[in-house]
Structures are given as C-alpha cells and as structure tokens.
Amino acid sequence: MGESQRLSAWVHGRVQGVGFRWWTRSRALELGLVGYASNHADGRVHVVAEGPPEALDALVAALRSGETPGRVDLVVEDFASARGDHAGFVER
C-alpha cells in the first residue's frame, strides 16, 4: 500500500438534494478514507478524501460509475500529498 494521498474532486451534475453526499460518505468509509463531501452554491459537490492511492482511485471510479444518486456529468479530480487534517468522513 502506498503513501497516503489527498484527492480533491469537483463533481458536476444533479448532485445536490439527492443523497449524493451521504452515498459518497458511505463509499469513502467502506474504502477506509477520511475527508468530507460538501455542497457548493453553484450546484457542484466538492469531495476531499485522504488515504491510500488505490482507495482514492476506487472512490473516483465509484463517483463515475453511474450508480450514484442523482446524475454525475463530470468529475474533475486532482491528487496531492495528504495533509492528515481529517478524522472520519463527514457531510458538510
């Protein structure tokens, strides 16, 4: 298992008011990730997660899977070094 990394993913589509953040939190916890999912005023959801690269890749794949609540049109992800500033995974 590799060094922990930080994923920042902006999810575009119909992803607010449909249980998307709860669903994302469930997937992240299953993968052993920490971080958060938060709604933004422009309709996007920002997902920040930290953990092993393999688990982060699996989360991005889940976001793109077509099995999410609502409708995901686009996921724009960026990876960086983990900051270690999260415990658990929360909805904001």
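**Salt bridges, sheet and helices**

Tutor: Let's start with R71, which is partly exposed at a relative accessible area of 42%, because partly exposed covers what falls between buried (under 20% relative accessible area) and exposed (over 50%), using a 1.4 Å probe and protein chains only. Bear in mind that this is a predicted model, where local features need pLDDT of at least 70, side-chain atom pairs count only at pLDDT 80 or more, and totals for chains, interfaces and linings use all residues. Residues are numbered from 1 along each chain as its sequence is written, and side-chain values use heavy atoms, with hydrogens and water left out.

Student: Which side chain does R71 meet in a salt bridge?

Tutor: A salt bridge here is a side-chain nitrogen of Lys or Arg within 4 Å of a carboxyl oxygen of Asp or Glu. At 2.7 Å from N to O, R71 meets D73.

Student: Which residues do shared partners join into one salt-bridge network?

Tutor: By the salt-bridge rule, the count comes to 6. Some of these share partners, and the network they make joins R6, E50 and D85.

Student: What is the strand order in the open sheet?

Tutor: Strands are DSSP runs of E with at least two residues, helices are runs of H or I with at least four, and both are numbered from the N terminus. Two strands pair if DSSP finds at least two bridges between them. The open sheet has 5 strands with mixed pairing, in the order β4-β1-β3-β2-β5.

Student: Why is one side of β4 and of β5 left without a neighbour in the sheet?

Tutor: β4 (71-81) and β5 (89-91) stand at the edges of the sheet. One side of each is left without a neighbour because each has a single partner strand.

Student: Over how many bridges do β1 and β4 pair?

Tutor: β1 covers residues 5-14, and it also pairs with β3 (residues 45-51) in the antiparallel sense over 7 bridges. Q5 stands opposite G51 in β3 and opposite S81 in β4. β1 and β4 pair in the antiparallel sense too, and the count is 10 bridges.

Student: What angle does helix α2 make with β1?

Tutor: Axes are lines fitted to C-alpha atoms, for helices over the stretch in contact (heavy atoms within 4.5 Å). Angles run from 0 to 180 degrees between N-to-C directions. Helix α2 (residues 53-63) lies across β1, β3 and β4, and its angle to β1 is about 0°.

Student: Is E30 buried or exposed?

Tutor: E30 and R27 are 3 residues apart in helix α1, so they are separated by about one helical turn. Their side chains meet in a salt bridge of 2.9 Å, N to O. R27 is among the buried residues of α1, but E30, at 58% relative accessibility, counts as exposed.
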